[in-house]
Amino acid sequence: REAFVAPPGCVIASADYSQIELRIMAHISGDHALLHAFHAGLDVHRATAAEVFGVALDQVTSEQRRYAKVINFGLIYGMSSFGLAKNLGIETKAAAAYIDRYFQRYPGVKQYMDETKAAARSMGYVETVFGRRLYLPEISGSGPRRAGAERAAINAPMQGTAADLIKLAMVAVQKELDAHKPGIKMIMQVHDELVFELPESEVDWLRSHIPRLMADVAALKVPLLAEVGVGPNWDKAH
């Protein structure tokens with residue numbers, strides 16, 4: 001990232017969606033606890049740790065939050081108890097207990113995963129929130145290929161929807177720049193992030209307008225949040 005350097009008088013800005021896949025998980029699953037965490041503006045990893053470890057929010061340790069973060073993102077990718085154990089450096093039995101407790105506290109997520117795998121087996125595909133399809137012919141097979149297809153069935157609606165959202169954001173942002181700020185250049189899109197090159201005098205405008213444009217591209221059950229970083233190069237802005 002340090003190789004992307006702004007010319008004299010300019011800076012690099014990075015605008016990225018905050019925890020976009022977890023927000024999409026909350027939207028798709030409709031899980032009440034996840035929806036509440038995002039609507040209340042809570043640190044969702046801290047909230048998950050409080051649920052999984054049965055402690056108050058203000059009693060969550062940094063280690064517990066780290067575990068919860070791995071669980072949150074691991075389950076999005078269909079991680080098994082074995083994978084979680086390896087990632088956290090704990091026994092598989094302990095990892096399985098964490099996953100069981102997670103599903104007890106977030107039953108909507110478990111229901112989403114079970115229903116999505118069943119629907120994928122029945123129809124042969126899954127869809128993003130915006131109706132884009134991923135076909136999964138191997139979900140009717142057996143062994144590792146079927147397991148991989150089931151993980152993809154859980155993950156694709158979230159990653160695919162995140163991809164849809166960033167493309168919608170690119171269109172909305174570019175229209176705004178063309179109309180009002182031609183001096184600001186959108187130079188890259190990486191995952192859930194848009195990267196800009198702009199005059200230093202335009203930083204305040206970008207900080208106030210770009211997050212709003214990115215947040216308004218779709219109405220989900222949870223608010224979309226975009227955050228901006230600025231620096232002389234992409235690394236410093238990220």
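Helices (H or I, at least four residues) and strands (E, at least two) are DSSP runs, numbered from the N terminus. On that basis the chain comes to 10 helices and six strands. This is a predicted model, where local features need pLDDT of at least 70, side-chain atom pairs count only at pLDDT 80 or more, and totals for chains, interfaces and linings use all residues. Residues are numbered from 1 along each chain as its sequence is written, and side-chain values use heavy atoms, with hydrogens and water left out.

**The chain overall**

Taken along the principal axes, the C-alpha atoms fill a box of roughly 55 × 45 × 35 Å. Of the 238 residues in the chain, 46% are buried; buried means under 20% relative accessible area, exposed means over 50%, and partly exposed is in between (1.4 Å probe, protein chains only). The chain exposes about 11900 Å², and carbon and sulfur atoms supply 52% of that. Accessible areas come from the Shrake-Rupley method with a 1.4 Å probe, and for residues only the protein chains shown count as cover.

As for contacts (heavy atoms within 4.5 Å), take those between residues at least 6 apart in sequence: 61% of them join residues at least 24 apart. On the charge side, there are 26 positive and 27 negative side chains, and the centres of the two sets lie 6 Å apart. Lys and Arg count as positive and Asp and Glu as negative, while His and the chain ends are not counted. Each charge is placed at NZ of Lys, CZ of Arg, CG of Asp or CD of Glu.

**Around helix H8**

Thr 161 sits in helix H8 and is buried, because its relative accessible area is 0%. Not counting residues up to four places away in sequence, Thr 161 touches Ile 24, Thr 128, Val 129, Phe 130 and Ala 156.

Val 129 itself lies in the loop between strand E2 (125–127) and strand E3 (133–135).

Ile 139 belongs to the loop between E3 and helix H8 (143–180). Leaving aside neighbours within four places in sequence, Ile 139 is in contact with Lys 117, Ala 120, Arg 121, Arg 146, Ala 149, Glu 150 and Ala 153. Its C-alpha atom is 9.4 Å from that of Ser 122, which is 17 residues away along the chain.

**Elsewhere in the chain**

Gln 64 is in helix H4 (residues 62–76). With the neighbours within four places in sequence left aside, Gln 64 has contacts with Ala 49, Phe 53, Val 55 and Gln 59.

Two non-glycine residues have a positive phi. Gln 19, at about 45°, is in the loop between strand E1 (10–17) and helix H1 (20–29). His 191, near 55°, is in the loop between strand E4 (185–190) and strand E5 (193–199).

Here is how some of these residues score on burial:

| Residue | Relative accessible area and class |
|---|---|
| Ile 139 | 0%, buried |
| Gln 64 | 18%, buried |
| Gln 19 | 23%, partly exposed |
| Val 129 | 35%, partly exposed |
| His 191 | 68%, exposed |
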